[in-house]
Amino acid sequence: MAAARALRLCLLRLLLLPALLPGSAGAVWPQPQAQSFPPGGGRCPVPARRFRFAAAGGSAVGPGCAVLDAAFQRYWPLLFGRPTENEPSWETPCTELLVYVSTPGCDGFPSLDSKESYKLSVSKGSMLLSAETVWGALRGLETFSQLVGRDENGTYYINETEIVDFPRFPHRGLLLDTSRHYLPLRAILETLDVMAYNKFNVFHWHIVDDPSFPYESSTFPELSKQGAFNAMSHVYTASDVRTVIEYARLRGIRVIAEFDTPGHTLSWGPGAPGLLTPCYMGKVPSGVYGPINPIVNSTYQFVTRLFQEVSAVFPDFFLHLGGDEVDFTCWQSNPEIRAFMMEKGFGEDYKKLESFYIQRLLDIVSSLGKGYIVWQEVFDNDVKLRPDTIIHVWKENKMQYLKEMANVTRSGYQALLSAPWYLNRISYGQDWIEAYKVEPLNFEGSPEQKALVIGGEACMWGEYVDVTNLTPRLWPRGGAVAERLWSNETVRDVEDAYARLVEFRCTLLGRGVQAQPLYVGYCDHEFGGV
């Protein structure tokens with residue numbers, strides 16, 4: 001009883017907190033690295049009808065830059081979605097945001113090394129956003145959009161402020177699983193929008209898996225014809241994939257595709273005869289198939305051709321090669337594989353057979369000029385890896401992931417964390433708090449080890465998630481992960497985070513995003529324009 005009463009009091013305090021805070025304009029999600037307000041807290045009217053974005057004098061990037069031009073067009077309606085306004089004549093207005101980018105370059109793709117820092121200065125009649133790259137300018141535009149508020153008289157305004165901001169980690173990702181349930185193209189694009197609002201910068205596209213193969217391959221068209229849920233309606237065409245990649249690029253988001261092997265490949269089998277391992281019942285085939293068959297040359301010819309295509313289609317330097325949850329049962333049942341094991345001196349250790357396959361796969365992908373990310377089992381099973389391999393830690397096991405992070409970085413590999421951020425798992429109450437409290441570097445290790453942690457990813461696996469519940473399950477809970485990966489490690493106050501996340505959730509509703517509530521309360525403008 002006492003514990004329940006304490007919880008209720010805590011929740012009530014959280015509920016009342018927004019009433020104790022200053023106006024919403026000025027609270028940013030994720031929280032910037034440094035923000036200051038002048039003494040007295042001045043504000044500047046922002047007249048919607050006269051406001052414009054413009055390139056600052058001397059900027060290396062100006063009109064004609066698709067990334068910035070598209071961003072300016074997106075953000076204007078986000079700022080001034082309601083056209084009627086009262087424009088005061090008694091104050092000097094802020095009529096334009098000048099954007100200065102110091103480094104040329106607008107046509108490329110964001111990368112792990114992209115600079116996303118920016119500075120934003122707002123004073124009476126003057127607003128300047130400066131960044132080293134267009135990717136930093138995008139992050140600054142999102143911050144600016146959250147600073148513009150509207151008072152009780154209908155006047156748009158922005159508080160005078162100075163912001164210096166940059167991400168804590170360079171890889172801040174979100175995984176979507178489009179195999180267990182097909183997600184329409186529209187749902188992916190809408191998710192990319194909300195990722196940009198949260199300053200996520202990596203879309204990890206877990207595009208195929210056991211249940212279905214929705215990727216339309218030009219090299220092996222039978223894969224989706226035979227492996228998709230529906231080869232006409234539940235596929236991603238070459239045009240769809242290009243659309244996703246460009247839509248993401250314009251928001252400063254990388255697209256990293258995952259083609260997981262040798263396990264998680266049952267949907268590949270119908271379209272690629274001879275690729276999967278025939279399982280045996282005693283001395284005869286059972287008619288069931290297991291992981292990719294690692295002992296035949298045709299497997300490696302197939303994998304080479306498929307990844308040649310994938311490497312050309314997806315421009316990011318990295319591919320995610322999976323490598324997790326390989327079930328050895330089928331391999332153990334197959335007499336040809338058992339004979340191969342004896343021939344190679346592997347004995348009964350099927351991890352060595354898995355390593356044999358993975359090492360050949362990694363050589364193939366390396367030869368194509370790509371880097372790779374693998375799930376932690378590849379590291380755990382002692383596969384020989386390139387020094388620049390990124391290990392993706394996903395097994396939670398009651399905080400055992402911290403030991404895994406220590407082991408991975410002690411071995412000199414870069415690490416990504418997802419174990420505590422499986423957002424497809426839900427529980428009653430404010431489960432965002434557990435995600436928010438995670439500290440990625442809270443493991444035993446040297447400063448050099450901790451520098452090898454390049455970030456993390458929130459994961460939305462698709463067993464129980466499709467287009468009907470993707471958005472409310474993902475947002476605003478995903479914002480907890482976004483702030484942990486962007487903001488300073490000292491930003492840990494849950495009550496302050498609650499107040500800002502509630503406000504941010506209202507912002508998302510105003511932008512047409514069906515983000516679920518955190519707790520009891522309301523937004524001035526509810527979803528659907530109420």
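A nonpolar core is a set of buried Ala, Val, Leu, Ile, Met, Phe, Trp, Tyr and Cys residues joined through side-chain atoms within 4.5 Å. In this predicted model, the largest such core holds 110 residues, and the members that touch the most others are Phe203, Trp205, Phe259, Phe314, Leu353, Trp432 and Trp475. Helix H10, spanning residues 350–367, gives the most to this core, contributing nine residues.

Once its neighbours within four places in sequence are set aside, Leu353 is in contact with Pro294, Ile295, Trp331, Ile337, Phe340, Met341 and Phe346. Leu353 also takes part in the packing of two helices: Tyr350, Leu353 and Phe356 in H10 meet Ile337, Arg338, Phe340, Met341 and Lys344 in H9. Helix H9 covers residues 335–344, and its axis lies 11 Å from that of H10, at an angle of about 85 degrees. Because angles from 65 to 115 degrees count as roughly perpendicular, H9 is roughly perpendicular to H10. By class, the residues of this contact between H9 and H10 comprise six nonpolar and two charged, with no polar ones.

Helix H4, residues 185–197, packs with helix H6, residues 238–249, at an angle of about 10 degrees and with the axes 10 Å apart. Since an angle under 35 degrees counts as roughly parallel, H4 is roughly parallel to H6. On the H4 side the contact involves Leu185, Ile188, Leu189, Leu192 and Asp193, and these meet Asp240, Thr243, Val244, Tyr247 and Ala248 in H6. Seven nonpolar residues, one polar and two charged make up the contact of H4 with H6.

Attention may now turn to the strands. Strands of a sheet pair through backbone hydrogen bonds, either parallel or antiparallel. Strand E16, residues 371–375, is mostly covered, with five of its five residues buried. Gly371, Ile373 and Trp375 point one way from E16, whereas Tyr372 and Val374 point the other way, and all are buried. E16 is joined by three bridges to strand E15, residues 318–320, and the two run parallel; within this pairing, Tyr372 in E16 is the bridge partner of Leu319. Three bridges also join E16 to strand E17, residues 390–393, again in a parallel arrangement, and here Ile373 stands opposite Ile390 in E17.

A further sheet is open and consists of six strands in the order E1-E9-E5-E6-E4-E3, with mixed pairing. Its edges are strand E1 (34–36) and strand E3 (52–55), each of which pairs on one side only. From one strand to the next, the twist averages 10 degrees. Within this sheet, strand E4 (residues 96–101) pairs with strand E6 (residues 126–131) in the parallel sense over four bridges, and Tyr100 stands opposite Ser130 in E6. Helix H3, residues 134–147, packs on the sheet and touches E1, E3, E4, strand E5 (118–123), E6 and strand E9 (161–165). The direction of H3 makes about 35 degrees with that of E5.

Conventions. Residues numbered from 1 in each chain as written. Predicted model: local features only at pLDDT ≥ 70, side-chain atom pairs only at ≥ 80, totals over all residues. Heavy atoms only, no water. Buried < 20%, exposed > 50% of the residue type's maximum accessible area, 1.4 Å probe, protein only. Contact = heavy atoms within 4.5 Å. Pairing = 2+ DSSP bridges. Axes fitted to C-alpha atoms, helices over the stretch in contact; angles between N-to-C directions. Parallel < 35°, antiparallel > 145°, perpendicular 65-115°, else oblique. Nonpolar A, V, L, I, M, F, W, Y, C, P; charged D, E, K, R; others polar.
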